[in-house]
Every structure is written in C-alpha cells, then in structure tokens.
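Subject: Structure handover

Dear colleague,

I am passing on the structure we spoke about, and my notes on it follow below. Please keep it open beside you as you read.

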Amino acid sequence: MQSLPLACLLVTLVATGPAWAQADSPAGCAIPTEMTEPSAPLQRVATALAKGGLDILALGSGSTVGDSGASGGAALAYQAHERSFPYRMVDALRALRPGLRFTLTVAGGRSMTADAMLPILRHELAAHHYDVVLWQTGTVEAVQGLRPDSLRSVLEDGAAAADEAHADLVLVDPQFSRFLRANADLSPYETVLTQIATSPPVTLFHRFDLTQAWVNSGQIDLERVSREMRDKTIAALNDCLGEALARYVLAGAAEH
Amino acid sequence: MPGMDLIRRSATRDLRVDFFRGLALWWIYTDHIPGDVLGGYSLQNFAMCDATEVFVLLAGYGAGLSYGMRLNVQGYISSAADVMRRAWTLYVAHIFLFVLFTAQVTYSATALNRLNYLEESRLDVLGDDPYRSILEVVLLRFQPSLLNILPLYVVLMVIFAATIWLLRWPRVLFGLSFAVYVLVRFTSLNLDAWTGEGWYFDPFAWQFLFVIGVLLACAPMRVPVHHRLLDAAAAFVVLLGIMVTVVIEPHPLRLDWFSGSAVLHYLVIEDKTGLYPFRLLSILALTWLCVRLIRFDQPWLRSRWAAPLVLLGQNSLPVFCSGIVFGFVARLGLEYDDRTPMQIGINLFGAGGMIAVGALAAWYRTKGRAKAPRSVSAPASALLPVDAQPDTG
C-alpha cells in the first residue's frame, strides 16, 4: 500500500535531481546573493576577521541546537547536535577562509523562548568575548502565542547587551513551514524582528524567506519528503543554511 | 431537499448566527491545514481577527439565548446547572478529541517518520513524560495545538455559570468583565499551562468577548442615535484592519513613512492570547456591519445555498471535533500530493465530512419527533434542555 506513494516521491526526487545539480551550493540549494547581504555592515566581524579569527555564539531553539523533538522514541529521535546549521556555518566559513580561526559556542534549547535565552546571552557575553552572536528566535513565541511586545523588549535588551560586549548581533527568524503558517500567526513576530534589525548593530538573516524559496522551488521541502529521505533532507537544510549564513557573515564584513 | 428539515428555522430563530458560526467552523478547518490554498481566503487574511473571535462571540450569543433568556423562568441555580452540564459536555468532548487526535498524530508521526508532527502539535511532551501528560490533559493544563479552543470554551461556560445571576444587571456584568479584560492587558494574568507560559487563549481576556455575545442576546442594546457615526467608525476599523493585514504585515518596511509610526508600532504587534484590543475592535466592527447590512429576515439565509453552513453552525460541537480529525487527514493528503486535484479533494472531503456529521447530529435530535409532535410545554424542555440550545453539539 505504501510503496506506490513512495515510488512516486522517489520518481519526483529523481526527476528534480538535475535542477539540484545546477544550483550553486554543495547541498543543492540556490542561495540568492540578496539573501546573504546584511542590511548593515558587521563591523565587529570585520575587525575580528582582520585579526585572524572569529568567535561566534549561536543562541536559539530546536533548530539551532540540533534537537528536533526526540520524544518519538529512541528510534525516531533526530538529534544532530554537531550538525545543526551553526556548526555547518562554521564548516562553510573554514572552507571559505581556510587561513582563519573560527570558534563556535551553541546555546539554547528546544522550545526555549527569547525571554529564557536572554540570561544565557548575558552569561555568555560576560564570560567570553564573542565577535558575533546569532540569535535564532520568534518561532516558540509564535507557537505559544506570547506577546510580540514582550519579545520586542527582550530583543532590545539583548541587542543592548551585545552592543555593550562589542559583538554584532545577527537575528535569525523562524524557518518556513506550512504548519507554522497555518497554525501560528507569525507576522507580528516577524515584524518585531524586522523592526529590531533596523538599528545598526543588529541585522536580520531572513531564514523564513530563504527556506520558503527552497520550498517553493522544490529544492528542500521537509514537509513533502518521504520517510527515507527525511534525515538526508534535514542534513541538506542545515548545510544550505550554514552555507548561506557563512556568506552572510563574510559579506557583512566585506562591506565594512 | 430531504435534508432541509434537519435545519431548525423557526420564525424567531436568527439564522445569521448559525450561518456565521458555520462559516467560522469552515474557516477553522481550512485555516489549520498546512498548505490548503483555501486557507488564504479566510477571515484572517483580510481582517485583524479570525475565526476564533467569530466562534467565541457567537458562542456567547448562543449561551445567552439558551440559558440567559430562561433565567427568569428557571432561576439562577437551575440555569447555572444547565450551563455547567453544557460545560461538562464540552469537557468530555475535548478529552475524547484529545485521545482521537493524539492517536492520529502520533501514529502518523511514527509510521511516516515525521517527528515534526509531534513537535508542531506540542505532543512531544507526551513522549517525554507520558504519565504526567495525561494528568495535565485532564486538568486542561496541557493543550496541544488545535486543542486549545475547547478548553477555553469550557472555562468560559464555567465563568458564565458562576456569573449568570449578574444578568439581572447587564451593566454591572459588562463593567466587571471589561475590568478583568483591562487587568489582563496590563498584567498578562492567565491560567497556568503545563507547557508554555499560559493558556494559548487566555480565558480572562476572551471572557470579555464571550460576555459581549451573552449581553447582545440577553440585553440587546437599542440602536444608538448616532448610528451613522458608528457605521463610519466600524467601516474605518475594518478598512484599517485590511490595510494592516494585506499591506503592512507582509512588508513591514515597504511603507517607510508608515512603518515608523505609532500606528504600526501598536497595530502590528497584536497578540491573540490576550485578545489584543484591535482584534477585539475588529470583531466588534465586523459584527456591527453584519448586523447593519444583513437583515434578520434575509431570504438567502433560508435558501439551500446557505443551508450547509447553517447546518454546520447549528451542530457546532460535533462539527468542530470532526473538523479537527478530518483536517489532519487532509494534511496527510496534501503532504502526499499538493496539486490541484488533491486540493479540491481535501476541501470537498472536509466539507462533505463536516456536513455529514452535522446532518447526523441533527437527525439524531429530530428523529422520533415526527411521531410525537414537539411539545412546547415546559416538561419537554426540562427533559431535553439541550434541545432548546442553538448549539446542541
């Protein structure tokens, strides 16, 4: 009974294969240049790269720490702590700038709100020096229907803390999913992220638009993938996001 | 049409309520199916409120009609007891729906290797801590997504039962309800949830919309002297809602002159949990315009075209519950293939399924009545109190 749909999906995947091969990243996803250009220069990143290395803090919920819900039983758990997009970003950075030193600290956790991450951010910034902070947030707030204005004040506090610690702050917005679009009202939270990112030390990496483009063009679509291909697709998504973020960070430094 | 007598349409029955309640149920179906193209044409795409506001307002209106109007005849205790019985029915329906939906989602997640179902539905905690989860479900403190409207409805009915005696003084009830709403807006007062920071639909905020519905039924206001002014104000609110929803939210920075303004600052950051004031204004404005534009006795409300939605609206509880279950099946269909034939298929499936459930519920209510003509005397309604309700569910 299940083999027919699977066969159809596999045929579709094979048929779309050549299109993937033409794309300009190793994982097979197109990364438009405009998506990897920050709205403002990443000055701290530029300074750090000029000195020979970059210390990165990645703060976020499930997709950042690589925990996409382990409770389906051990056989179903997909926990890729070392393969989530921040790690893949550092891999991509090392490939793009082989001579430089990159360090990464990942913090946060599944279903964690920005409010819960703010103390972690303060703690990390007090304990170490980071040149850039990636802060992936907004999804949990939207899913739980928390107040967008409190997200805004939390992010404002976080932006101030990053600024004081001389780190650039790159916000990463929710990942596109049809489920999220249908079941959560994302736009107020997106607007808050966009508004916070209009003040210079903060920029916004448009993960939503990028992943939506991949879904629309059929390049990476976690919600339309067969059972067998799912883990591979998650890996490809992390690769592509990592690559895009690496280019974003370097482009932000180059503008300086 | 044989099914026509399944619809209750007495001369005094306001079919507008049933019609819009049915429409809200249909929107709830299409809105919650990821990737359903019809989800792009529901109320939330054009207004600052969505089907939930319609549902809660009309639930209040229905409760007011069913229980508030009989207050003088039955007295507080009896009326409150009837409301509590209804709350109990809703509670049992919620628990049953939880079991059904959880079975459906968790089995699909494991069979199709789609762990995201668990996380998205917030059912992941069920695997993390199963024993505690069941307790929290029973306490209504664990609400997977989609399963948060019925708990709200239960609590609203309990609040209604506790405050039904205040219907003698509508202004006092309104004032108290408004005061609690204002308190929520300033303090984020909410019921405790096991997962997350509070209930997705804060009952202390949403009770205000429910009470407005109750009062519209039990203490109808006279048409104000300045009704033209009210028309204009309502139209302005609706137009502003369209502007924000269609133009500004998708492109927050497109209108530079506008995006920095206080209007954007305060309108776009709306929260659904605490019934953001502009959401409340939007549903009230829409209600006012509907009442002004659609007369009580419009013939089309009694036509066969309106009949399916009226039928859904008159049987909202079974229709709502089945819609959640059908919706997940539809989602699986779309994930298998989301091209046009499947899009048409899943929406016909949902419409057909929900109408069938509504018709079945209506048939159960009416069967046997032909033999024994409906008595209008008090004993009949005492035996079958649900019968007098707009929403027998």
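Leaving aside residues up to four places away in sequence, Leu171(A) touches Trp135(A), Leu193(A), Ile196(A), Ala197(A), Val202(A), Leu204(A) and Phe205(A). Please bear in mind throughout that this is a predicted model. Leu171(A) also belongs to the largest nonpolar core, which has 181 residues, and is among those with the most contacts inside it, together with Val132(A), Val133(A), Val249(A), Ala24(B) and Leu209(B). As a general background, nonpolar side chains in soluble globular proteins tend to be buried together.

Strand β4 of chain A, residues 168-172, runs parallel to β5(A), and four bridges join the two; one pairing to look for is that of Val172(A), whose bridge partner in β5(A) is Phe205(A). Within β5(A), which covers residues 202-205, Val202(A) and Leu204(A) point one way while Thr203(A) and Phe205(A) point the other way, and yet all of them are buried.

Taken as a whole, chain A comes to eleven helices and five strands, whereas chain B has 18 helices and zero strands. Buried residues make up 50% of the 256 residues in chain A and 48% of the 393 residues in chain B. If you consider contacts between residues at least 6 apart in sequence, 79% of those in chain A join residues at least 24 apart, and in chain B the corresponding figure is 76%.

How do the two chains meet? In total, 35 residues of chain B are in contact with 32 residues of chain A. On the side of chain B that touches chain A, at least two residues each are supplied by α4 (76-111), α5 (116-120), α6 (124-128) and α16 (316-336), and the residues of that side divide into 13 nonpolar, eleven polar and eleven charged.

With best wishes

Definitions and conventions. Residues are numbered from 1 along each chain as its sequence is written. Chains are lettered from A and ligands numbered from 1 in the order in which they are written. This is a predicted model: local features need pLDDT of at least 70, side-chain atom pairs count only at pLDDT 80 or more; totals for chains, interfaces and linings use all residues. Two residues are in contact if their C-beta atoms, placed from the backbone, lie within 7 Å. Ala, Val, Leu, Ile, Met, Phe, Trp, Tyr, Cys and Pro count as nonpolar, Asp, Glu, Lys and Arg as charged, and the others, Gly among them, as polar. A nonpolar core is a set of buried Ala, Val, Leu, Ile, Met, Phe, Trp, Tyr and Cys residues joined through C-beta atoms within 7 Å. A residue is buried if 20 or more other C-beta atoms lie within 10 Å of its own, exposed if 12 or fewer, and partly exposed in between; C-beta atoms are placed from the backbone. Two strands pair if DSSP finds at least two bridges between them.
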